[in-house]
Structure formats: C-alpha cells, structure tokens
Amino acid sequence: MKIAIVNDVAMAAEALRRVVASTQEHQVLWIARTGLEAVRMCEANRPDLILMDLNMPEMDGVEATRLIMEQSPCAILVVTGRPQDNVNQVFRALGAGALDVTATPVLQGQVGGDSELLAKIKTIGKLIRHSAEAPPPRQVQANGERGDGQVTTLVAIGASTGGPSAVAKVLSGWTAPPGCAIVVVQHIDETFASHFAKWLDDQLEMPVRVIAEGDELVAGSVLVAKTNDHLLLDQNYRLGYDAAPREYVYRPSVDVFFHCVAQHWRGDAIGVLLTGMGRDGGEGLLAMRRAGKTTIAQDQASSAVYGMPRAAAELDAAQQILPLDRIGVSLRSRLGAKLNSGWESSPNI
C-alpha cells in the first residue's frame, strides 16, 4: 500500500517511516508535518492509508480527518502517543471517519510497537481490498439458563468507520422503554473498547457497560462488545465471545451477531446498521429482516463511509434507509408502538 504519515514530531515521523519501510508490501508516499499540510497533500496525491497524529499545529488530526474524508476520502489510522490520554480526541477522529487507533511506536525501547502497527495496517489493507469474504455464521449451542424474561425487545446496532459518534447521536437524549435492551457491535480494537464504553456512557442518559462472557441482556442498558472476538447470542439469551471464524477481517463481526439475533431471538428486535467501511452487517441485517425483525440502515449522505449501509441497501436488507438524525426518532416511534410505554423524549424532537 501507499502510506502517508502525518506527524509534527520528527522522531515519531521517522519511527513510522522505518516501520513502513521495513516491509516490502508498503511504501511511504509522503510525510506531512501539520493537519493542513496533510489535507493539501492528500488532495494532490491520495494515498491508500494515512497514519494520522492528533495533536499538531495549524490543524489537529481530528479536523484534518474530517476534511480529508469530505474532500479526498481514504483509509485513516490514528497513530498517536498514549491514545488512552486523548480519549475525546480519539473518538472525535473515529467519528470523523478514522478506522482505528494505535499508539505511536518509538525508535527504541517499545516492545511490540512495530508489530502492533503493522498488524493494524495489514487489517486495514484487507478492508481496502475487500479480500475477506464473510464465512457462514457459526451455529451457537446453548450454554446457560435463560434469563428472567424481563427483556422483550432487543435493539442491535452495528457500526464501523465513523461509528462512535453515530451511535452516540442515535441513542442520545432518551432512555430505552421498559423491557428493551440495546447491544452495540462497533469495530474497534479490544484495547480501546472499554474507553469507548466509558466515552459513550458520558454521552448518554442510559447506563453503558461492556459485555462479559456469559452476560445476560439487561433492560434499559446499552451493552457494548469488548473484544476482538465475535459477539454471540445463544438460544438461552446468553452473550459470549468466540474467535471463530479467525480469518474474518471484521472483528467483532456485526454479521455474526445479527445472524445470532435472527436465529435465536424470539421477541421483537430492531437491527440498525450504521456507517462503516466494507460490507460487514449487510448479510446479517438481511437475515434479521427475513426472520421478521425490523431493519434500518443509515443513508449515504449522512454516512462517514457508505460501505456497510450500501451493502445492506444492495441486498434489500433494510426496511428503512434513513439519515442519521432520523434513526433515533424512528427507533423511539417503533419502540413506543411495540411496547406501549413511555420514554424520555429528546428535546430536539
């Protein structure tokens, strides 16, 4: 791949250059020292992938990501020192269209930094080439007792590129009505999943927590997948994780979870597929529709990357294709009609 580096610190930029140059698969196309310079260089000579820092003079990485995705869209990986110390900026960048985040390797002394970055680049390369085909969903065996039956409606949300802010927008300003549980499958590295859940919890009125192996669905809460393994729902309504299929590039896979909902969930369900690169979630959303569940996909104009929702549209998997600011409204309307219960309305509606 042709890779660009955006970093104002000379040592960090050199460390990234050396990592990229250490392989025969990739080449450094150009190096920019500011976000503004990156926007201009990307317009003139678009790379396959940009390694984007966050804190830079003239224009930070968040704004640069937003402008590049608007003007010269390409894959962007946030590479910054100690991402856990810049949570708000990281999720703003992810919301603007960055695919993932990792820490900046240094010239010496950071064990595993090079291999982690190269692994991220390899995964993004697969996404760009669309080389990974979705295998059939794994059949899940029962491994626990059914919950107490309090959850009667399940909202399953899948997202990738641009997903964090999109999920927050869909769920902000209201609380789920009685009997409703919400599960979010966001493509994000497991090292940052807990930060995503905490960040989302700060944005919403509903409690947010990560899903542990064997958890049951919880009414009134937002549950977030937390590992690079695929999230499963079994016939007893227990949540769990499985690494198989290991070769599947989308991790955790929206398709895998949506197929589980279609196969096992006997109550009302709404599947929502939001912005993202690739085609993950389209087949699963179609399975949910065929199982009699309600299905919604984000429209092209409001998507940071119109890949996953496009796949759903091409498969006729979505009963509704809506702009982002209408998806939350549709959810509330449908949940109210199904459950005949009140909820806290957003002041923006």
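Helices (H or I, at least four residues) and strands (E, at least two) are DSSP runs, numbered from the N terminus.

What you see is a predicted model, in which local features need pLDDT of at least 70 and side-chain atom pairs count only at pLDDT 80 or more, whereas totals for chains, interfaces and linings use all residues. Residues are numbered from 1 along each chain as its sequence is written, and side-chain values use heavy atoms, with hydrogens and water left out.

In outline, the protein has 11 helices and 14 strands. Of its 349 residues, 57% are buried. Contact here means heavy atoms within 4.5 Å. Among contacts with a separation of 6 or more, 71% are between residues 24 or more positions apart.

Let us turn to helix H8, residues 254-264. How many of the residues of H8 are buried? The count is 10 of 11, so H8 is mostly covered. The buried residues of H8 include Val254, Val256, Phe257 and Cys260.

What caps the N-terminal end of H8? Serine 253 does, with a side-chain oxygen 3.2 Å from the backbone nitrogen of aspartate 255. The criterion for such a polar contact is a pair of N or O atoms within 3.5 Å; within protein, one must be able to donate a hydrogen and the other to accept it, and residues adjacent in sequence count only if both atoms are side-chain atoms. Serine 253 is placed in the loop between strand E11 (239-242) and H8. With a relative accessibility of 0%, serine 253 is itself buried. Beyond its neighbours within four places in sequence, serine 253 contacts Val185, His230, Tyr248 and Asp280.

H8 also packs against helix H9, residues 282-290: their axes come within 7 Å and cross at roughly 10°. Axes are lines fitted to C-alpha atoms, for helices over the stretch in contact, and angles run from 0 to 180 degrees between N-to-C directions. Angles under 35 degrees count as roughly parallel, over 145 as roughly antiparallel, 65 to 115 as roughly perpendicular and the rest as oblique. The two helices, H8 and H9, are therefore roughly parallel to each other. On the H8 side the contact involves Asp255, Phe258, His259, Val261 and Ala262, and on the H9 side Gly282, Glu283, Gly284, Leu285, Ala287 and Met288.

I close with the salt bridges, each a side-chain nitrogen of Lys or Arg within 4 Å of a carboxyl oxygen of Asp or Glu. By this rule there are 13. Arginine 289 pairs with aspartate 316, their closest N and O atoms 3.4 Å apart. Arginine 289 lies in H9 and aspartate 316 in the loop between helix H10 (308-314) and strand E14 (320-322), so this pair ties together parts 27 residues apart in sequence. Salt bridges with shared partners also join Glu14, Arg17 and Arg18 into one network.

Glutamate 63 and arginine 66 form another bridge, at 2.4 Å between the closest N and O atoms. Both lie in helix H3 (residues 61-71), 3 residues apart, about one turn of the helix. Glutamate 63 is partly exposed at 29%, and arginine 66 is partly exposed at 32%.

Note on methods:
Buried < 20%, exposed > 50% of the residue type's maximum accessible area, 1.4 Å probe, protein only.
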